[in-house]
Amino acid sequence: MNSILVDVAFPLPLNQNFTYTVPEELAEFANVGCRVLAPFGQRRLTGFIVAKPNSTDLQKLRDIADVLDSSPVISGGILKLSKWISDYYLCTLGEALRITVPSGLLKESKQFIEIVTESGEYAAKQIERRAPRQAQVLRYLLKSGKMSVTQLKKKIGAKSLVSSLSQLAEQGLIKSEQRFSGSYSKPKTEKYVLLGSKYIQSEWQEVIVDLEKKAPKQAQCLKVLVQSGLELSQRRLLQESGTTTAVLKGLEAKGYVLFENKTVFRDYYLSDEPEKPKVVVLNEEQRIAHTKISKTILSHEFATFLLHGVTGSGKTQVYIEAIKEVFKQGRDAIVLVPEISLTPQTVSRFRAYFREHVAVLHSAMSDGERLDSWLKIKKGEARLVIGPRSAILAPLKNLGLIVVDEEHESSYKQTDPVPRYHARDLAVVRAQQNNAVVILGSATPSLESFYNVKIKKYKLIELKKRVNENPMPQVNIIDMMKERRILGGRDAPVFSRLLKRKIDEKIAKGEQVILLLNRRGFSSYIKCKDCGYVEECKHCNITLTYHSKVKLLRCHYCGITKKAPDVCKECKGADILFLGLGTQKVEDEIKARFENASVVRMDMDTTSGKRSHDRILTDFGKGKYNILLGTQMVAKGLDFSQVTLVGVINSDIGLLIPDFRAAERTFQLVTQVAGRAGRDSLPGEVIVQTYDPENLTLNYAKNHDFLKFFDYEISARHELDYPPFSRLICIVFSGKDETRVRISAENFARVVNIKKAGVQLMGPVPSPISKIQDNYRFQILVKSRKQSDPGGKFFRHKVLLAKKKYDEEFRKCGVKVNIDVDPTSIL
């Protein structure tokens, strides 16, 4: 008999798969998409079966040690998508597959088995002759209780038990659970109270009446349990009946109730009761949008729609109506949001319509919560998945729609670790592979997406009016240079005169204000007035930011902190200037300047705790605070009816970044945050503070004029041959030894054999931030004009060949090479 062969991909930076043979006892379960434990050198690693070849030229093959799944964890569709990711983003197939499953499934894990039948010995005798191994398993479990598969293998002396355990589970005799390293990944159990079998349903009322005379608390507890059905969690039963565990023990002694520990689903949003959906009547623009999208959904054809709607135009309701249509067809949907901070509001709105069909995936969830959500999706118990970029890989079986909200956001691009994919682009590819529809929604579309409309690759749908017919907020640009001359003083003013007056006015009216400053901390740097010394991070080529609450200097790249100095490190002078502006300093200014203001700050420093985003936004929505101050987190997707004023403290920050997307990002940020004002019946106002009031980008944002900004910016991109007219690959070299890093980058540049019109290699040069975490950084930028290489296949292939040749000839220990295809930033 010929041996069964499998190709296994490991989640490692090894650009090949490895062929193994499958022992006969594992043959039934060694299917494509299953995880296996396989020998790799002196170790055993978890990998994925990606193919079952008929033959191989290899002479010496090793057996896989075990199959970890009775059914595939990777579907054929996800495997196909992973192969595309590997090919396009120049990573290994194993690295691409790694991000498609919860991290817990790749950690060191143990499978535990326990018996679930009370008649285990009887069952063992019944199957003794036809399945002695299964009977042996049952007897060990009866004797020892819950056991790991590893323990069972040792006791029984078997290489594998996957077949026996699978058949026992099918018969309902055992159940299994995965326990991962660290207690946080264990299945969560909760104690449940069940009605005893002493009485039938109709007799319980008599029992309760009798108990009311002798033990009224027991009667109350039993009454709640009977009314709720057959069972209730102990926690909820005690809460609803107002009784104690002693009362339950009394009921147990009388045989009225039983206790049982049950595995429960860990829902990140369990405490949030879904609201009732509002009755919404679509306006004319929304109806047209819905009709166009629904027609394509019904045809089961692939299409990408760019839904370009002004802020407050009702894009979310169009998404909801499209999902309803997809559900009618028996298909599933994904909704991507760019920030975890947007997820609570989004989840709340979608759960109002789709209730238990909604599942959430995002990085703020615990490993256990993510695993439970992933399993719920994989089992088909959830049909709508919501989350940031990683949710694009959710294991839905019949995908019909993908929504990418705020599609322009750079946070959809994964930077580290590999693969460095862009979720928006992946959404289009996955939809194409599934004959599904994509809706890319934004008030400020990316230049690439809008250009795709121009060349007929995407279909454009426009929502030009707000749903309630409210006008767009009036935007005022304030010249802060002029304000500084008028107000005087040594330091630059935080608030212009108009912004001060308007904040006072809104607070007096009981309305709310959002203030944006896209820089956290108190001061962006500290400087000695005497000698000019600026405190920098010794590990990174960047200034340290002062955080006043903890009196510390902090690097926002490597995280190092140090005590803020009382005197200059260089000249010992005592005159230290705290320069620049951060959210902490603005918060202090608000508290000092506006006596009646209650302010809440939302940035990376205040949202590190679990559900901290939710708490801040919920409290602000309830009116606990009248000023919400934050970084870019407050600029997108938020919808608060009482917000009538938005202030941009310093709009110049993004414009000064040495990146070809700087103007685009600034336009998007200012336009998006402006859209938070006046979204209901109250009119909105926006004040944008700048030292460059004639800047065209800011003036296009002032007039909410995306089309003019697009025409202006696209001409500059065309002239410089930047995306969308070309494709980029950024190759970054980093390491502790600056000379070694530089030489490595130069060697790589020498082996890149690109001799084709329209393909240009730039560098190597030091990166704009030339040192991070003690690692010196050099980079090469490869640019390929789409006209000469439409799909970018030629230049990706050449870079991949260069990487292989570099590894063979020049690779130096201690120098890391990162390849980023389609980078959103070249810093």
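Student: In which handedness of crossing does α1 pass α15?

Tutor: A crossing is left-handed if the near helix is turned anticlockwise from the far one by less than a right angle, and right-handed if clockwise. In this predicted model, α1 passes α15 in a right-handed crossing. Local features here need pLDDT of at least 70, side-chain atom pairs count only at pLDDT 80 or more, and totals for chains, interfaces and linings use all residues. Residues are numbered from 1 along each chain as its sequence is written, and side-chain values use heavy atoms, with hydrogens and water left out.

Student: At what angle do α1 and α15 pack?

Tutor: Axes are lines fitted to C-alpha atoms, for helices over the stretch in contact, and angles run from 0 to 180 degrees between N-to-C directions. Helix α1 (residues 76-88) and α15 pack at about 135°, with axes 11 Å apart. The two are therefore oblique to each other (under 35 degrees is roughly parallel, over 145 roughly antiparallel, 65 to 115 roughly perpendicular, the rest oblique).

Student: Which residues of α1 meet α15?

Tutor: Contact means heavy atoms within 4.5 Å. Gly 77, Ile 78, Lys 80, Leu 81, Trp 84 and Ile 85 of α1 meet Leu 426, Val 429, Arg 430 and Gln 433 of α15.

Student: How many residues of helix α16 are buried?

Tutor: Buried means under 20% relative accessible area, exposed over 50%, partly exposed in between (1.4 Å probe, protein chains only). Six of the eight residues in α16 (residues 447-454) are buried, Phe 450 and Val 453 among them. Their cover includes α15 (423-433) and β17 (437-442). After α16 comes Lys 456, with a positive phi near 70°.

How values were computed. Helices (H or I, at least four residues) and strands (E, at least two) are DSSP runs, numbered from the N terminus.
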